Amino acid sequence: KSSTVQPGQSPANPVNISYSALQDFRLAEENPNGVWSYGWMPTDFSVFNLYTTHDYSVFNNYTTRNLFNWYAGLGRDRTPCIWLNTGDLAYGVPSGWLSLHPGPGQEPSVLRWTAPAAGDIQITGEFLAGDSRSMTVAVRHNNRELWSALNSGSFDLKVNVNRGDKLDFLVDAGYNYGNTPV
């Protein structure tokens, strides 16, 4: 439900700090938002592109205004995108969850965390099945896959990062009915 990144303790870093993609999600502020960025990539993962547009509905206002959406608009339906469901179950996404939806050319939708400092970190979270189609879900560190699954799964990973390293939580390899809660 909440992808969390937690730097580990060490003599140089005696205090644990947690970052929660869900709790830190911003509805109307700038993107990037602190350590979190919302965007998409081409299918070869070569370039991270920030979402620059946002609205209080998803998929061209096909929904109620209980969903907040950052999107690229590559598709007619405002995809690829990331959105927060603050209402009832919608498109297979429970209330209180973030959802990633790939673009019409299977462009990955990406939730990115940028390391503010070097250290050992713990990464925990879960992807749910969401809509009716199967998607590839993954966690990547600086463009290297750490974990992936078909459609859903939980992860609990330990990684050493340098300041500025990128952790990407992404959904790709599909499009229609591609909402995937994280």
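Q: Nice, so how many aromatic pairs does the structure hold?
A: The structure holds 11 aromatic pairs. Rings of Phe, Tyr and Trp (its six-membered ring) pair if their centres lie within 6.5 Å; planes under 30 degrees apart count as stacked, over 60 as edge-to-face and the rest as tilted. Bear in mind that this is a predicted model: local features need pLDDT of at least 70, side-chain atom pairs count only at pLDDT 80 or more, and totals for chains, interfaces and linings use all residues. Residues are numbered from 1 along each chain as its sequence is written, and side-chain values use heavy atoms, with hydrogens and water left out.

Q: What about Trp-83 and Tyr-91, how do they pair?
A: That pair is edge-to-face, with 6.2 Å between centres and 85 degrees between the planes. Trp-83 is buried at 0% relative accessibility, whereas Tyr-91 is partly exposed at 30%.

Q: Which residues form one aromatic cluster?
A: Trp-36, Phe-127, Trp-147, Phe-155 and Phe-169 do.

Q: Switching to packing: how many residues has the largest nonpolar core?
A: It has 34 residues, and those with the most contacts inside it include Trp-36, Phe-127 and Phe-169. A nonpolar core is a set of buried Ala, Val, Leu, Ile, Met, Phe, Trp, Tyr and Cys residues joined through side-chain atoms within 4.5 Å.

Q: Which strand gives the most to this core?
A: Strand β13 (residues 153-161), with 4 residues. Strands (E, at least two residues) and helices (H or I, at least four) are DSSP runs, numbered from the N terminus. There is also a second, separate core of 7 residues that includes Leu-67, Tyr-71, Trp-83 and Trp-97.

Q: Last one: where do charged ends sit over rings, say for Arg-112?
A: The charged end of Arg-112 sits over the ring of Phe-48, 4.1 Å from its centre. Arg-140 does likewise over Phe-45, at 4.1 Å from the ring centre. The criterion is NZ of Lys or CZ of Arg within 6 Å of the ring centre and within 35 degrees of the ring normal.

Note on methods
Buried means under 20% relative accessible area, exposed over 50%, partly exposed in between (1.4 Å probe, protein chains only).
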